[in-house]
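Please consult both while reading.

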Amino acid sequence: MSAAIVASKSIANHDAYLAGLLPNTTTPHEWINTLRADAARRVRALPFPTTRDEEWRFSDFSLMCKTAFAPAVAAPALTLTDIAPFLLPEAVNSRLVFVNGMYAAHLSSAVLPAGVLATHFTSKPTNETLRTQLARHATFQHEAFVALNTSHLHEGALIVLSKNTACATPLHLLFISTANTIPVASHPRCLVVAESGSACTLIEDYVCLPTVNTSPTYFTNAVTEIVIADDATVRHTRLQRESLAAFHVGYAAVHLGRNSCYDSNSITFGARLSRYNLYITQSAEGANCTLNGLALISGRQVADTHTVMDHTRPNGNSAQLHKCIVDSGAHAIFNGKIFVRKDAQHTNSTQSSRNLLLSNKGRIDTKPQLEIFADDVKCAHGATVSQLETEEMFYLNSRGLNANTARNLLIYAFAEEIIDKVPIASLKQHLSQAVSSQMGEIV
Amino acid sequence: MISSSSKIILEVRNLSASVAGVGILKGINLTVRAGEVHAIMGPNGSGKSTFSKVLAGHPSYTVTGGEVIFQGKNLLELPPEERAHAGVFLAFQYPIEIPGVSNSAFLRLAYNTLQARRGGEDLDPLEFNDYIREKSRIVEMDPSFLDRNVNEGFSGGEKKRNEILQMAVLDPTLAILDETDSGLDIDALRIVASGVNKLMTPNNAVIMVTHYQRLLNYITPDFVHVMRGGQIIKTGGKELALELETRGYDWVHA
Ligand SMILES: Nc1ncnc2c1ncn2[C@@H]1O[C@H](COP(=O)(O)OP(=O)(O)OP(=O)(O)O)[C@@H](O)[C@H]1O
Ligand SMILES: [Mg+2]
């Protein structure tokens with residue numbers, strides 16, 4: 001038998017694999033069932049993304065096909081004490097917790113000011129915003145994983161900020177995966193709608209319990225839609241600190257109105273294999289985006305980040321800085337596309353990909369892509385991959401710091417530029433410590 | 001005048017070193033006693049920085065011959081951090097910028113690391129804050145520089161001042177100042193030089209690499225050495241620097 005036949009057979013198996021992850025339940029809500037059914041049809045029709053697909057060249061998710069993930073049925077009984085390591089003092093009363101994709105009412109607390117709604121879909125199945133916006137932005141026609149997520153629509157997080165409402169407390173969306181007897185798949189879903197003139201800070205946090213001595217295998221397939229109306233602001237911090245044996249696919253679609261602002265800090269520490277797609281559309285004039293990303297990985301981890309920044313209207317701004325730190329045999333991928341459409345005159349867009357490669361067994365693939373169709377724009381992009389500099393190391397050594405401490409300090413410094421931008425003090429401190437401990441002790 | 005019976009701090013004997021396979025230092029001899037100030041002058045490329053970096057343990061340089069005894073220890077077998085712990089300090093000709101690390105955090109880390117090695121007390125951030133503010137007065141450095149990242153965006157002169165602040169914090173037995181005066185304006189030169197003078201005790205010593213006699217008006221050297229082609233070809237007193245200033249290096253021969 002020829003190799004080609006073997007290969008095509010295994011791809012067919014991969015496609016069937018995706019269909020095998022479809023739900024065999026329905027929800028009590030007809031309109032959600034309709035969406036689910038549409039999405040399920042796409043799951044059956046779309047191929048499993050393989051490394052032959054240009055967009056998935058470097059992240060080989062066929063690895064997950066060896067595992068039969070089951071839908072999570074009953075979440076384990078966790079207490080607030082169990083999840084204490086993840087709680088943010090800034091968000092004690094503005095937290096929605098999902099365990100293996102299921103809403104955990106007893107772990108959540110949403111005591112919010114007037115004009116701020118933070119709940120889960122099933123508590124507001126007739127909500128007008130939910131019905132009109134859900135699945136509008138993260139379209140599933142061509143994205144197999146988005147389709148799979150949509151086919152599982154059930155208890156997602158719904159956040160709505162009414163017109164001109166500024167929510168002072170950060171909104172914490174905590175997605176916990178637990179070690180289970182059989183590997184489970186969960187499909188977290190968020191819809192965030194910031195009506196005109198409103199503002200909020202959002203923390204989307206993917207974690208694993210227990211945190212020590214175990215790395216369970218599971219699959220998280222998350223989709224987030226963020227709609228930012230005219231003059232509204234959303235500050236979005238996304239943390240991926242899954243188990244080191246987990247598979248994680250995340251997709252965020254962000255839609256920006258006139259003079260609106262979107263700040264993104266996406267931080268990737270976890271998962272065996274992860275992929276984050278951030279798709280941003282500036283659909284009206286004068287929108288502003290700041291995108292910061294950090295992937296800090298080691299061992300055999302693969303972290304793939306794809307971003308698309310689409311400037312469609314004039315006077316938009318975007319500034320992006322993505323950093324990867326890769327140790328031992330890990331592999332980081334960054335692909336950042338910036339589109340400046342014909343009508344997007346006076347766009348000001350920068351993108352910088354800076355990478356630190358700590359081991360000669362590690363690998364970094366970075367591809368900034370600029371596609372400009374307007375003629376009066378300011379755009380700049382660049383990418384660097386560097387190693388720890390001998391001169392920097394020597395400088396620190398000559399001040400009495402040993403090689404290990406000097407190395408950790410330089411790595412920490414490299415990461416800190418992104419971590420420093422996280423707008424929540426306790427989280428910032430936690431992340432700094434996480435970097436220090438991942439890299440060994442600094443002080 | 002220093003008595004020749006002062007304790008010897010550094011003894012360099014016939015030191016040779018190469019970088020990237022090219023011999024740069026070709027048999028350097030130098031004895032430094034406690035309380036002494038040595039100036040090293042010499043044309044560009046003569047090996048002054050190389051000598052400084054070899055003493056501090058830069059990994060790119062290979063010692064190909066000779067020995068260096070520092071306070072009775074074979075300096076050359078120690079990694080750079082242990083040379084620092086033992087009391088060797090190099091003020092860099094081109095200090096390195098470390099974005100992402102605040103100057104005060106870096107200084108505290110260096111200080112506490114050294115304290116641990118010397119069996120002294122750790123300072124917590126608050127205590128260190130007091131300590132470092134006191135030390136910054138020695139070089140009249142504005143405390144706002146402590147909150148900035150190490151050397152990042154510092155002007156040439158500010159970097160040099162920061163080097164001497166580090167020296168003040170680490171309190172070395174032997175400080176090697178590689179062109180600390182270059183890049184300093186007239187006032188800054190006076191301030192930094194007086195800082196170095198304040199840090200001098202009968203128990204420590206300074207090696208200053210400089211191109212200009214100017215610095216030596218402020219910090220009086222006990223010896224002036226001329227380096228050329230990787231060797232010290234002439235040694236004199238402070239008047240040698242004056243002579244070099246007027247006559248250049250061409251007349252000096254081994
Ligand atoms: N890493 C290196 N690779 C190659 N050559 C080097 C390296 N470091 C030093 N050299 C060479 O060694 C010689 C001595 O350099 P060094 O920096 O020690 O001179 P210097 O006396 O300090 O000069 P200056 O007065 O200009 O500072 C020079 O010719 C220099 O080019
Ligand atoms: Mg030099």
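Predicted model: local features only at pLDDT ≥ 70, side-chain atom pairs only at ≥ 80, totals over all residues.

Two packed helices are described by the angle between their axes and the distance between the axes.

| Helix pair | Axis angle | Axis distance |
|---|---|---|
| Helix 4 (residues 125-138) and helix 6 (residues 156-170) of chain B | about 125° | 9 Å apart |
| Helix 3 (residues 103-118) and helix 6 of chain B | roughly 30° | within 10 Å |
| Helix 3 and helix 4 of chain B | roughly 100° | within 11 Å |

Helix 4 of chain B and helix 6 of chain B pack at an angle of about 125°, and the two helices are therefore oblique to each other. Helix 4 of chain B passes helix 6 of chain B in a right-handed crossing. On the side of helix 4 of chain B, the contact is formed by B:Tyr131, B:Ile132, B:Lys135, B:Ser136 and B:Ile138, while helix 6 of chain B supplies B:Leu165, B:Ala168 and B:Val169. Sorted by class, the contact of helix 4 of chain B with helix 6 of chain B has six nonpolar residues, one polar residue and one charged residue.

The axes of helix 3 of chain B and helix 6 of chain B cross at roughly 30°, which makes helix 3 of chain B roughly parallel to helix 6 of chain B, the limit for that description being under 35 degrees. Here too, the crossing of helix 3 of chain B past helix 6 of chain B is right-handed. Helix 3 of chain B contributes B:Asn103, B:Phe106, B:Leu107, B:Ala110, B:Tyr111, B:Leu114 and B:Arg118 to the contact, and helix 6 of chain B contributes B:Asn162, B:Leu165, B:Gln166, B:Val169 and B:Leu170. By class, the residues of this contact between helix 3 of chain B and helix 6 of chain B divide into eight nonpolar, three polar and one charged.

For helix 3 of chain B and helix 4 of chain B, the axes cross at roughly 100°, so the two helices are roughly perpendicular to each other. In this pair, B:Ser104, B:Leu107, B:Arg108 and B:Tyr111 of helix 3 of chain B meet B:Pro125, B:Phe128, B:Tyr131 and B:Ile132 of helix 4 of chain B. The contact of helix 3 of chain B with helix 4 of chain B has six nonpolar, one polar and one charged residues.

## The magnesium site

The magnesium ion (ligand 2) is coordinated by the OG atom of B:Ser49 and the OE1 atom of B:Gln93, at 2.0 to 2.2 Å. This pair links distant parts of the chain, 44 residues apart: B:Ser49 lies in helix 1 (residues 48-56) of chain B, and B:Gln93 lies in the loop between strand 6 (88-91) and strand 7 (98-102) of chain B. B:Ser49 counts as buried because its relative accessibility is 18%, under the 20% limit. B:Gln93, at 18% relative accessibility, counts as buried as well.

Most residues other than glycine have a negative phi, and most peptide bonds are trans. B:Asn14, which is not a glycine, has a positive phi of about 50°. B:Asn14 belongs to strand 1 (residues 8-19) of chain B and is partly exposed, with a relative accessible area of 49%.

B:Glu179 is likewise not a glycine and has a positive phi of about 50°. B:Glu179 sits in the loop between strand 9 (174-178) and helix 7 (186-199) of chain B and is buried, with a relative accessible area of 8%.

In chain A, a cis peptide bond joins A:Leu209 and A:Pro210, with omega about -10°. A:Pro210 is placed in the loop between strand 10 (199-209) and strand 11 (219-228) of chain A.

A:Glu143 lies in the loop between helix 4 (128-133) and helix 5 (144-151) of chain A. A:Glu143 is partly exposed, at a relative accessible area of 26%. The C-alpha atoms of A:Glu143 and A:Pro49 are separated by 8.8 Å, although the residues are 94 residues apart along the chain. Not counting residues up to four places away in sequence, A:Glu143 touches A:Leu46 and A:Tyr251.

A:Asn348 lies in strand 20 (residues 348-357) of chain A and counts as partly exposed at 31% relative accessibility. Its C-alpha atom is separated by 5.8 Å from that of A:Cys379, 31 residues apart along the chain. Leaving aside neighbours within four places in sequence, A:Asn348 is in contact with A:Gly316, A:Asn317, A:Ser318 and A:Lys378.

Technical notes
Residues numbered from 1 in each chain as written. Chains lettered and ligands numbered in written order. Heavy atoms only, no water. Axes fitted to C-alpha atoms, helices over the stretch in contact; angles between N-to-C directions. Helix = DSSP H or I, 4+ residues; strand = E, 2+ residues; numbered from the N terminus. Parallel < 35°, antiparallel > 145°, perpendicular 65-115°, else oblique. Left-handed = near helix turned anticlockwise from the far one by under 90°. Contact = heavy atoms within 4.5 Å. Nonpolar A, V, L, I, M, F, W, Y, C, P; charged D, E, K, R; others polar. Donors = N, O, S within 2.8 Å, 3.2 Å for Na, K, Ca; no water. Buried < 20%, exposed > 50% of the residue type's maximum accessible area, 1.4 Å probe, protein only.
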